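Okay, let me put this one up on the screen.

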Amino acid sequence: MILKINNREFDYFNAVSVSMSYDKIASTFNFVAHFDPDNPSHRSLFQPLKYSTVEILHEGETLLIGRKVTTSFTSNSTPQLAQIGGYSLTGVFEDSNIPLSVYPIQSDGLTLRQIAEKILKPFDIAVVVDSIVADDVDSVLESSDASTTGTVKSYLTSLATQKNVILSHTKSGALLFTRAKANQAPIADLSEAVDKKLSVSGQGIHSSIAVFKDANIVGGNAGENELDNPLVTSFRPSVSVQSSGDDNDTELTAKLRRAAELKSIKLTIKLDSWMINGKVIRPNRIISVKDKSLHLYKRTNWFIEAVTLSGNEKEQTATLKCVLPEVYTNQTPSNPFS
């Protein structure tokens, strides 16, 4: 592994952890490093609140480019390591409001791409649009008004959600509008992986999900839609009200709420390598698993939602957090437990 701080390769580090999530605006990282207070270079690299640029690479592949956000030093009778943490370049959008320089914040007749590029320009961070969502991101929004106290992330997420678009990020630190590639072929079968855990909480899952919308002057006609969840045979109905959009959106709203409930089914896999088939394991990939000890009697595909890569001088481990692909395809789920 190679660690660069402000484009300068740094050798004295250990206990690295990189957490990458498909549906998050930024990845995060942590590591410990030797800090020599008498070294002018170290003094500059480790200076708190300097937000130094950090790049982490493995086997020649960039895992992320981000900024150092947290620094912790310890002083006692024996030399101690400094603890460093941070996030992708796009992590700043979790903490920052829309800058005054791009006001007014009401946008009329602009696309999601245009709004994002306008807001991100002062941050000098690029906007990348996956071809799979280009039509949605480039369609005009009649009117959009951001909150003065809301974050950049919350505003752009609210707009993206209306178009069934995921707000994510690239490994180089650009903001990414995308949609899950959850129908792709598995990159590996991990049935033989030793360390696996399946967790299912049925409390938040329903047999049917109904959404209705009242008629009003602004939002148009009334509408309703009800979907079944074939995984649940016990009668457990859910009924909710659609608060925005028009009557044409009720079916999509119902699908999104059913998909969100499926997140209560979680598969965690721990591997002793950061690589599968010669490539770093990343989110937005499919793996397959068959393991009767997990009540998975048939081979089932799982979507890698998040990956945490951890390593030190002795070992490297990858922890995969997986969900059913239907969480992101919005399709009717098939039962993995039958």
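**Helix α5 and its surroundings**

So, the buried residues of α5 pack against α2 (92-95), β8 (106-111), α3 (112-120), β10 (140-145), β11 (166-169) and β12. Before I go on: this is a predicted model, where local features need pLDDT of at least 70 and side-chain atom pairs count only at pLDDT 80 or more, while totals for chains, interfaces and linings use all residues. Residues are numbered from 1 along each chain as its sequence is written, and side-chain values use heavy atoms, with hydrogens and water left out.

Helices here are DSSP runs of H or I, at least four residues, and strands are E, at least two, numbered from the N terminus. Buried means under 20% relative accessible area, exposed over 50%, partly exposed in between, with a 1.4 Å probe and protein chains only.

Which residues of α5 (residues 152-162) are buried? Val152, Tyr155, Leu156, Leu159 and Ala160. Looking down the axis of α5, those buried residues fall within an arc of 130°, so they line one face of the helix; the arc is taken from the directions from the helix axis to the C-beta atoms.

Just after α5, Asn164 has a positive phi of about 55°. The backbone oxygen of Asn164 is reached by the side chain of Arg179 at 2.9 Å. Arg179 sits in the loop between β12 (175-178) and β13 (188-189).

Last stop, strand β15 (residues 208-213), which holds Phe212. Phe212 counts as partly exposed because its relative accessibility is 31%.

Conventions
Polar contact = N/O pair within 3.5 Å; in protein donor to acceptor, adjacent residues only side chain to side chain. Contact = heavy atoms within 4.5 Å.
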